Amino acid sequence: WNRGVAVVPMAGRGDFSAAVWDGSPRPVIVLKESRELAVYWLFDLAHELAHLALGHVGHSGLVDVDSPAPSVGSPDSIEQAANDFALELLLPNHQELLQQVRQEARGSHLRFKGAVASVANAAEVSPGLLGMIAAYALTEVGQDKDRWGSATNLARPDGTGRQQVQKVARQFLSPGHLDPVNGMLIRRLVLGATGDTEPTKPSTYRG
């Protein structure tokens with residue numbers, strides 16, 4: 001927001017996970033991730049910022065129907081480039097950290113969670129974020145359900161993404177200057193208000 005990129009959450013499930021438009025007067029990123037954990041929302045945001053930074057977005061916008069995932073070898077070169085950018089943005093040394101997790105886990109899903117936590121704490125990075133990336137990348141460690149169960153537990157302390165994005169959006173959005181219908185849509189679909197009252201004091205932002 002402070003750099004001129006509006007980031008708004010949207011209520012509802014299905015249809016798409018995230019989208020970005022580079023229109024006038026400023027770029028807009030919409031996050032609609034169905035998974036509530038903050039680490040997924042963080043990666044989605046980094047992925048959409050990557051599309052902006054890499055020049056993938058036109059005035060028609062770019063919509064990620066499926067949830068962006070920090071996987072490698074995507075057949076879509078644009079999506080892979082956005083993944084690579086997002087990983088470098090969030091964890092610049094992720095390859096080294098993943099190798100450390102691989103060595104400590106030694107192929108066992110029983111050691112996976114402890115390995116992620118140990119490596120993350122030593123590197124002073126989020127165990128939840130590293131756990132999500134490791135769950136995608138280290139397919140040789142246990143079954144998917146085992147890695148994702150551990151990654152989910154590691155990510156819980158970071159909280160939920162929607163609430164955090166809404167909290168920030170409320171600081172910049174003031175639907176009070178809109179007509180009643182559009183104001184109500186912003187309050188309920190973006191800011192999470194259940195009534196017709198303004199959730200926060202009006203800001204000076206008029207995006």
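The structure is a predicted model: local features need pLDDT of at least 70, side-chain atom pairs count only at pLDDT 80 or more, and totals for chains, interfaces and linings use all residues. Residues are numbered from 1 along each chain as its sequence is written, and side-chain values use heavy atoms, with hydrogens and water left out.

**Overall make-up**

- The protein has eight helices and four strands. Helices (H or I, at least four residues) and strands (E, at least two) are DSSP runs, numbered from the N terminus.
- From the N terminus on, the order of elements is β-β-β-α-β-α-α-α-α-α-α-α.
- Of the 207 residues, 43% count as buried. Buried means under 20% relative accessible area, exposed over 50%, and partly exposed in between (1.4 Å probe, protein chains only).
- Among contacts with a separation of 6 or more, 58% join residues 24 or more positions apart. A contact means heavy atoms within 4.5 Å.
- The accessible surface comes to about 10600 Å². Carbon and sulfur atoms hold 54% of that surface. Accessible areas come from the Shrake-Rupley method with a 1.4 Å probe; for residues, only the protein chains shown count as cover.

**Helix H3**

- Helix H3 takes in twelve residues, 94-105. At 1.5 Å a residue, H3 should span 16 Å, and its end C-alpha atoms are 16 Å apart, which agrees. The expected span is 1.5 Å times one less than the number of residues.
- The buried residues in H3 include His 94, Leu 97, Leu 98, Val 101 and Ala 105. They cover an arc of only 100 degrees around the axis, so they lie on the same side of H3. The arc is that of the directions from the helix axis to the C-beta atoms.
- An α-helix has 3.6 residues a turn, so residues three or four places apart point the same way.
- Gln 95 and Gln 103 are exposed on the other side of H3.
- The cover over the buried residues of H3 includes helix H2 (77-90), helix H4 (109-123) and helix H5 (127-137).

- Arg 106 counts as exposed because its relative accessibility is 56%.
- Glu 124 is in the loop between H4 and H5. Glu 124 is not a glycine either, yet has a positive phi of about 60 degrees. At 74% relative accessibility, Glu 124 counts as exposed.
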